[in-house]
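Student: Hi! Could you walk me through this one?
Tutor: Happy to. Let's have a look together.

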Amino acid sequence: MTAIDPDTLDAEARRARLFTRINKADAWFQVLGLSWVTPILKAVAGDNPRAQFSEIWRLLGVPILAIGIFLVAWGTLAPKVQTSLGAIPGPVEVLEQAKNLHADAIREGEKEVAFYERQDARNAEHIANGDTDKVRDRPYTGKPTYYDQIWTSIKTVFFGFLIASIVAIPLGIMAGLSPTANAAINPMIQIFKPVSPLAWLPIVTMVVSAVYATNDGMFSKSFLVSAITVTLCSLWPTLINTALGVASIDKDLVSVSKVLKMNTYTKITKLVLPSALPLIFTGLRLSLGVGWMVLIAAEMLAQNPGLGKFVWDEFQNGSSQSLAKIMVAVLTIGIIGFMLDRVMYALQSMFTFTEQR
């Protein structure tokens, strides 16, 4: 009879627990776009290193190689294309302008701090002299930095997306549950879904200007124009996917709800929404992506604050550095779009516990 070494059993148990933790973490690595971390951890833990290195190459090596080839091609071909603003900037020039935009933002931040320090000192002096009527608190009115433009665009797209979701999800549930409601809503979807944001923008601008007469309220007119345009163009994917998800729930579940005599609210919250969540989140992800693209176009056309206006201003500026700054903005728009999708995928994973990508 062969004795089993207790130390060996303990080592195997620790190894099993380690791989369990790695597998659990893998779901979040996929959400964050870091799926290549999992095979690295498994290789370090000794799980078939050769197979794991093959997976690392596929998930990390190939994308890095592709990006490297793209950068080399960009840097080689760009100087050969001459425009009215000079040659197309390569990766080095674009990186240089990204650093310049960062430096400009830091300088503008220092100016803002100095402005408020001077204002506080002046007000303190007035108070000390008893001239309280001369105390003034004025906001800093310097030019918005590149980071300010980014933050403005992100706030606008999330506000428009939130309104779209509030409108689209209930309508989608109605259309999915009721053939009559679906017959009423479907023609509106088919008519308005293909409408370009460039067609909506003049209408939204006129309506907001007529209804929202002041610019001193909680939101500025330019913010509302951009956000509502995003809403009108981004609600359709959520509406369609919600209706499809609700309409395709298991008929047996519907029969059970009738047997249990569930009221409408209970039926929706306990049966309809849990079953339709994967498709609802698919619609939300599509809507947020559409909204981000629409927002940039709306900001460019209406000259509303944000990344779109930054691109248009640089195009109109026409300096030798403008093209490189526009390319910085293009890369920023793409990276933010990717991050927004990852945020929605993370929320989908939290609510639905699926591992679909």
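Student: Which residues make the nonpolar surface patch?
Tutor: This is a predicted model, and in it Trp28, Val343, Leu347, Met350 and Phe351 make a nonpolar surface patch of about 490 Å².

Student: Nice. Which helix gives the most to that patch?
Tutor: That would be helix α12, which spans residues 322-352 and gives 4 residues to the nonpolar patch. Leucine 347, for instance, lies in helix α12.

Student: New topic: where do α6 and α8 meet, I mean, which residues?
Tutor: On the α6 side there are Ile185, Met188, Ile189 and Phe192, and in α8 they meet Trp236, Leu239 and Ile240. By class, that contact has 7 nonpolar residues, with no polar and no charged ones.

Student: And how do the axes of those two helices cross?
Tutor: The axes of helix α6 (residues 179-192) and helix α8 (residues 221-247) cross at roughly 145° and come within 11 Å.

Student: Is the crossing of α6 and α8 left-handed or right-handed?
Tutor: The α6 and α8 crossing is left-handed.

Student: OK, switching to charges. How many salt bridges are there in the whole structure?
Tutor: A search of the whole structure turns up 5 salt bridges.

Student: How are arginine 107 and aspartate 104 placed in helix α4?
Tutor: They sit 3 residues apart in helix α4 (residues 91-128), so about one helical turn separates arginine 107 from aspartate 104.

Methods: Residues are numbered from 1 along each chain as its sequence is written. This is a predicted model: local features need pLDDT of at least 70, side-chain atom pairs count only at pLDDT 80 or more; totals for chains, interfaces and linings use all residues. Side-chain values use heavy atoms; hydrogens and water are left out. Axes are lines fitted to C-alpha atoms, for helices over the stretch in contact, and angles run from 0 to 180 degrees between N-to-C directions. A crossing is left-handed if the near helix is turned anticlockwise from the far one by less than a right angle, and right-handed if clockwise. Contact means heavy atoms within 4.5 Å. Ala, Val, Leu, Ile, Met, Phe, Trp, Tyr, Cys and Pro count as nonpolar, Asp, Glu, Lys and Arg as charged, and the others, Gly among them, as polar. Patches are made of residues with over 30% relative accessible area and no salt bridge: like charges are joined within 9 Å, nonpolar side chains (Val, Leu, Ile, Met, Phe, Trp, Tyr) within 5 Å. Accessible areas come from the Shrake-Rupley method with a 1.4 Å probe; for residues, only the protein chains shown count as cover. A salt bridge is a side-chain nitrogen of Lys or Arg within 4 Å of a carboxyl oxygen of Asp or Glu.
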